[in-house]
Structures are given as structure tokens and as C-alpha cells.
Amino acid sequence: MATKYWVSNSDGLWSDTSNWSTSSGGSGGVSVIPTIADTAIFDSGGSGDCTVNGLYTVGYLDLTSSYSGTFKLQHYPSRLAIYRDLDLRSGQTIDLTHTDSLLQLTSSFFNFATFDGTITGVGEV
């Protein structure tokens, strides 16, 4: 299980390994994007919007209140399944723009979800 940080300061794709680091604000270029075994953290170390551009599963998604970008599911199809935990902190937005966008809280191992932010759009949760 690894922790990976979004470090892109411009708009980027979830699938691009150069947008991810093993430390907040660190150099991008991890060998593998976050997976079901990982924690994905969005904090002040990266300010660019993140667009999920495919079908992915992550263990824990944390959109901290210091992240200044927007988390988007806009491509067809786009789905992010969250296997364990979701933190959507105050001031954060998940944008489900496309009708085939899906944010999925999945599995019998799912522990908690904190919704202090906003979910917008026409996709599904």
C-alpha cells in the first residue's frame, strides 16, 4: 500500500504518471498511478485540476481543503471506484460533468465518507 500525491500545477489527467509523486509537492513520475491498494492525496502540493479519464479504482481518496484545483470525471466513460475511504473536505468539488461519469463507493471494506465539499454535474454517485 502506497501513498501518492497529485503534484501537477496545471490541469492534467489521472492516468499520467508525471502528475503523481510519493511526496507532497515532490517530483512527478511515479511508476504506477494510484490503484486499489493506494491512497491518493490532493493537497497544496499540486494546484492543477485532475481529470479522471478512464476506469480506475483507488483505495482511499483524500481531497484536502488545501487543494485549489477541481477533481473532474468528464470523459466517456469515466469511473473512479473508491474501495475503502473518501474524504471530500470543505471547499472541494467533484465535478461529474458527463452523464456516464460515475463516482463509486464500493466493497464491503468501505469504511467512511466525509462530505464537507460539493459534488456537481449530471453523473452518478
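The largest nonpolar core has 23 residues, and the ones that touch the most other members are W14, F42, L61, F71 and L80. The elements that give two or more residues to this core are β4, β5, β6 (55–63), β7, β8 (78–88) and β9 (93–96). Keep in mind that you're looking at a predicted model.

Leaving out its neighbours within four places in sequence, L61 is in contact with A40, F42, F71, L80, I82, D85, L86 and D87. Its list includes F42, F71 and L80, which also sit among the core residues that touch the most other members.

What about β6 itself: is it enclosed or open? Of its 9 residues, 7 are buried, so β6 is largely enclosed by the rest of the structure. It has strand partners too. β6 pairs with β4 in the parallel sense, over 4 bridges, and with β8, again in the parallel sense, over 8 bridges. Y60 is a handy residue for seeing both pairings: T39 has Y60 as its bridge partner in β6, while Y60 has D85 as its bridge partner in β8.

Now zoom out for a moment. Of its 125 residues, 44% count as buried. Among contacts with a separation of 6 or more, 51% are between residues 24 or more positions apart.

Next, the aromatic rings. How many aromatic pairs does a search of the whole structure find? It finds 9. One of them is W6 with W20, an edge-to-face pair at 5.3 Å centre to centre with 80° between the planes. W6 lies in strand β1 (residues 3–6) and W20 in strand β3, so this pair ties together parts that are 14 residues apart in sequence. Both W6 and W20 are buried. W20 has another ring partner in W14, also edge-to-face, with 4.9 Å centre to centre and 75° between the planes. W14 and W20 are both buried as well. If you follow the ring pairs along, they link W6, W14, W20, F42, Y56, Y67 and F71 into a cluster. W14, F42 and F71 in that cluster are names you've already met in the core.

That leaves the charged side chains, where a search of the whole structure finds 4 salt bridges. In one of them, the side chains of K4 and D38 meet at 3.4 Å, N to O. K4 lies in strand β1 and D38 in the loop between β3 and β4, so the pair ties together parts that are 34 residues apart in sequence. Are the two partners buried or exposed? K4 has a relative accessible area of 8%, so it counts as buried, and D38, at 5%, is buried too. The cut-off for that label is under 20%.

Setting aside neighbours within four places in sequence, D38 is in contact with M1, A2, K4, I33, V58, G59, Y60 and R84. That list takes in Y60, the residue that bridges to T39.

A second salt bridge joins K72 and D49 at 3.0 Å, N to O. This pair also links distant parts of the chain: K72 is in strand β7 (residues 71–73) and D49 in the loop between β4 and β5 (50–52), 23 residues apart. Both K72 and D49 are buried.

Then there's R89 with D87, whose side chains meet at 3.0 Å, N to O. Salt bridges that share partners join D62, D87 and R89 into one network. Within it, R89 is partly exposed, with a relative accessible area of 29%, whereas D87 is buried at 5%. D87 brings us back to where we started, as one of the contacts of L61.

Note on methods. Residues numbered from 1 in each chain as written. Predicted model: local features only at pLDDT ≥ 70, side-chain atom pairs only at ≥ 80, totals over all residues. Heavy atoms only, no water. Buried < 20%, exposed > 50% of the residue type's maximum accessible area, 1.4 Å probe, protein only. Contact = heavy atoms within 4.5 Å. Phe/Tyr/Trp six-rings, centres within 6.5 Å; stacked < 30°, edge-to-face > 60°. Core = buried A, V, L, I, M, F, W, Y, C linked by side-chain atoms within 4.5 Å. Pairing = 2+ DSSP bridges.
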